[in-house]
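Please look through the sequence and the structure shown here before reading on.

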Amino acid sequence: MSSKKKDSKEKSSPAAGGSREKLSEIANDIRNMTLKSEATSGETLRPMFAEFQDLLAKLEKDGDDLGDGGMTSAKLAGAVKEMSSALDDYDNCGSDEEEEADFISSMAQKIAASPKPPSATSVKEGVVAMVHSLQSAGGKKLNGSRVVVLRHNPGQEDRWEVRVEFEKGYNATKSLKGANLTTLRRLPLPTGNYRGFADIDNFDTIVPKLCELLLRSTDDFSPSDIMFTGYGSMAFQRMEQFNFMEFYASQMEQMGGVLGLGNLCREAEEPGTEAAVFGLLEGDEMYIDVLIQTMCCTGEIIKEEDSGERSGFNCPPTQLTPDQDTPAYVRTMKEGPMLILECVAKYSFAPALWAALGYSEFYHLLIQRLLRWVAREAKKTNDGKGLGSKARMLLSSMFPEIAGSLKQPISVEAAEKILSESSALLSKPSSITIANMKCLLDSEALC
């Protein structure tokens, strides 16, 4: 890029920034109108949509970084085209008006979540970014590609190892400068009655829609009420022989989303697993939190013929729920969250998800749960026998420094130590250190 172009771009940045804010503002207006059914026809939305398109064209002409200078419009233009088509349908949608409105709302949110301007300091492990400004013949082909950031290259200032989306070969990675990566804004939390409805025939949308089921209530957010149908519901219903009566509706949705993602990872192998990783990382951080909570804040899962009540399952999400060892529980973990993590661990892009897990406020609970399965394997419980070896493999992938201690089942003495001391020693995310992990696995060490 010439210095003249740089100067021109710097001068246009303030105005461009205002245009980006206006884009987001219009998209939110469109979203709110459609969700509140204030728009009775596509014509009501067209003036707003026309202004939206004009702003996009202006930003592209000015070379603002919606992606790589004026390069972007590929994905944004595709989204705009889909939205325009939806508006045409909206005029004559009849009984499907609510569905079209929900789609327009979703598309508006995606368009509003355009990339941030390049900033080397915003690049970190576990984020989705866009490649830009590469000048070599081979590099230019990568401009506009999405990547997940795996790790910082040691000894190489501002160079990052990345995985390019849809690049075949599970060992295929690239080393790029942070200056050539634009961190993408995460998609906003999904809303609407059709949140989470995934059509099995549309692979391009099924992963993002399944991720929309990974929501939880917080002080300032409540998931929209939905009719739990589609691929996630089908995946959950495959477990119908087991009793999920202790689950809240939100927990059923969450587990359905995770079971659906797990099945895609297994059936579609590398492409499906990669799509799951991109889907989890491009959305709100809540997706990762809920993935962890399906393992750590799990409702009681029992066989239908089982009876009796157990305490400890109504604890806050900041606490680990009690261990479970029923066949139903083991199967649910195997085919849901553990299957996702097990599939991800096979490929070079695993470090991106491991990093994202580490940013979660519930990270320590995940590590506690994995360690408890390792310990219960030594105690020969059903959950330990079914999940212990998988937990050892995952911990070895996340923490190569302790892999040697986890090649074989641990001793009963080490298991007792983990079961009695891990919750106190690993009480917060920052306490997950190699030193603490090694201490727990050493039955004779004082922690």
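**Strands and cores in a predicted model**

Strand E2, which spans residues 146-152, is mostly covered, since five of its seven residues are buried. The model is a predicted one, and the points below are grouped by topic.

**How the strands pair**

- Strand E1, made of residues 128-131, pairs with E2 in the antiparallel sense, and three bridges link the two.
- Within this pairing, Val128 has Val148 of E2 standing opposite.
- Strand E3, residues 159-164, also runs antiparallel to E2, and five bridges join these two strands, with Val149 placed opposite Val162 of E3.
- The hairpin of E2 and E3 has six residues between the strands, and in this hairpin Gly155 takes a positive phi near 80°.

**Met130 in strand E1**

- Met130 has its place in strand E1, and this residue counts as buried because its relative accessibility is 8%, where the cut-off for buried is under 20%.
- Although Met130 and Ser145 are 15 residues apart along the chain, their C-alpha atoms are separated by 5.6 Å.

**The nonpolar cores**

- The largest nonpolar core holds 89 residues, and those with the most contacts inside it are Leu357, Ile367 and Leu370.
- Helix H8, residues 249-282, gives the most to this core, contributing 12 residues.
- Apart from this core lies another of 13 residues, including Val123, Ala129, Val131 and Trp160.
- When neighbours within four places in sequence are left aside, Leu357 is in contact with Ile288, Leu291, Ile292, Leu341, Tyr363, Leu366 and Met398.

Notes
Residues numbered from 1 in each chain as written. Predicted model: local features only at pLDDT ≥ 70, side-chain atom pairs only at ≥ 80, totals over all residues. Heavy atoms only, no water. Buried < 20%, exposed > 50% of the residue type's maximum accessible area, 1.4 Å probe, protein only. Helix = DSSP H or I, 4+ residues; strand = E, 2+ residues; numbered from the N terminus. Pairing = 2+ DSSP bridges. Core = buried A, V, L, I, M, F, W, Y, C linked by side-chain atoms within 4.5 Å. Contact = heavy atoms within 4.5 Å.
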